[in-house]
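Subject: Handover of a structure, with notes on what was found

Dear colleague,

Please find below the structure that I am handing over to you. My notes on its features follow directly after it.

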Amino acid sequence: MSEQPLVSIRNVHKSFGSLEVLKGVSLDVKKGEVICIIGPSGSGKSTLIRCINALNTIDSGSIKVEGMEVHDPNLDKLELRKKVGMVFQQYNLFPHKTALENIMMAPLKVLKQPKDEVEERARQLIKRVNLEGKENGYPGELSGGQQQRVAIARSLAMNPDVMLFDEVTAALDPETVKEVLTTIKDLAEGGMTCILVTHEMGFAREIADHIYFTDRGVIVEHGPPSTFFSQAKDPRTREFLSQIL
Amino acid sequence: MNAFQQYFFDLAQEYPKWNFIFFYDPVQADRVLSGLWMTVKLSVVCVILSVLIGLIGAWLQGAKSQLLRSFVQGYIQFFRNTPPLIQLLFFYFALGQFTPTYSPDGWLEVPIISNVGWAIISLSFFAGAFNVEIFRAGIEAIPESTQEAAEALGMSRSQNFVYVVLPLAFRVSLPALNNNLVNLVKTTTQALAIAVPELLYQMVSIYNDYSTAQNACMVILFIVYILLVGVLVLAMNSWERATRIPGYGH
């Protein structure tokens, strides 16, 4: 059982019009694993993780989450999305709801869980992302870093098995990046399976079990951070790393 | 006659062009009040129905079915591009012929939809067509990414619409909705054409019976509509303030 990957991506192709953004991507993520996808802009990283919870469709290939074929037209999307949480670059909180209400909304409306139970869990999540006292703040009253932590808590409220992070610190200023990364790190250390698209190389090196480098729609190179950063073989990887590090 | 009635009675004697007959003749006063009451009922019912039509139409505009979307588009074009007066006449005189009738006493044949019923239907669909467009504009102002977040949390299209898109779009739509509802209240006067006994109908009847009351009727009509629309605008404005989200948009 433990050998079976939680997320399995096989030879995925995806085009937007005439632009092919994914040209046969395959990767596996095991339970409890943290993987980081890095690479230049436009290399297909975000598209790839958006395909994992069916926000984007794929043209060919296969993506399986816990054995569910994500791009089966008869897929119960609700079942998939209960298992896969997602955090976005722009937080995308519900602006008309307070922090606490943002976290409570999906468990209440989608899972139809009892309100007392949901609220208790939401308050624990607020504590877990270090936002005590901000329960009743509206997103417009919170800083970017605070909003992003609410967004993480909102995803966690659905008890997902895997979390997707799509450049979640890219819109933040350097000081608040840290508070969000700390939250993600706590999650990863708690055993959550995480797939991150990120430009934070130091962070990737610190928390990732495996790093994938994508360029122009293909995975150019991958490996554990210990060897990936120091012994990259492909010239494209080396060029990218030399610009970043 | 009390002092108030006496004052207007004397005024009419002295200045025959300013006969505020409904201020001293109880029969005419009843006509004005019943007209006002009909106008208020017509306005409230049409406002509510037209908003519901607007919401349903805006939801259907996002439907998967091309047929449904074309149907909504056709509805909007028809009601937005033709005068409301013609719509009223068409509904009452043309469609009215085909509606079934019932007989309360075995002698009379009463259509199941009265002229008031047709006025409500016609005016609600008229204002509803504009409301669809107003809500659509509001919905389009809501970022795709916010809806995507709801989708990623497992919300269905209808849950997304009810809990996320609509509450936000409604706030964006309120100023434009405000304008359209003001227009709707004023357009209820056109129900006069199918003999709905609303305020204008009653006032015209009064000055047809008492030509000296014409100026007075006009003045009262203006004042009543200024107040009526004023109340609506005040209510809409306070609603706008009440739904303002801290830190959002302003």
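Two strands are said to pair if DSSP finds at least two bridges between them. Helices (H or I, at least four residues) and strands (E, at least two) are DSSP runs, numbered from the N terminus.

The model is a predicted one, in which local features need pLDDT of at least 70 and side-chain atom pairs count only at pLDDT 80 or more, while totals for chains, interfaces and linings use all residues. Residues are numbered from 1 along each chain as its sequence is written, and chains are lettered from A and ligands numbered from 1 in the order in which they are written.

A sheet in chain A

In chain A, strands E1 (residues 7–16) and E2 (residues 19–29) pair in the antiparallel sense, with eight bridges. Together E1(A) and E2(A) form a hairpin that has two residues between the strands. In the turn, A:Gly17 has a positive phi of about 65°.

A:Glu69 in E5(A) is the bridge partner of A:Lys64.

Two residues with positive phi

Most residues other than glycine have a negative phi. Which values does phi take at A:Ala54 and A:Arg216? For A:Ala54, phi is positive, near 65°, and for A:Arg216, which is not a glycine either, phi is positive at about 45°.

A:Ala54 is located in the loop between helix H1 (45–52) and E4 of chain A. A residue is buried if 20 or more other C-beta atoms, placed from the backbone, lie within 10 Å of its own, exposed if 12 or fewer do, and partly exposed in between. A:Ala54 has 20 C-beta neighbours inside 10 Å and therefore counts as buried.

A:Arg216 is found in the loop between strands E9 (210–215) and E10 (218–223) of chain A. With 15 other C-beta atoms within 10 Å, A:Arg216 is partly exposed.

Chain B as a whole

Chain B holds nine helices and two strands, which follow the pattern α-α-α-α-β-β-α-α-α-α-α along the sequence. The radius of gyration of chain B, taken over C-alpha atoms, is 23 Å, whereas a compact globule of 250 residues would have one near 18 Å. That globule rule is 2.2 Å times the number of residues to the power 0.38. The C-alpha trace of chain B spans about 75 × 55 × 30 Å along its principal axes. Of its 250 residues, 34% count as buried.

The contact between the chains

Two residues are in contact if their C-beta atoms, placed from the backbone, lie within 7 Å. The contact takes 20 residues from chain A and 18 residues from chain B. On the chain B side, the elements that give two or more residues are helices H6 (144–152) and H7 (157–187). H6(B) gives the most to this side, with six residues.

Yours sincerely
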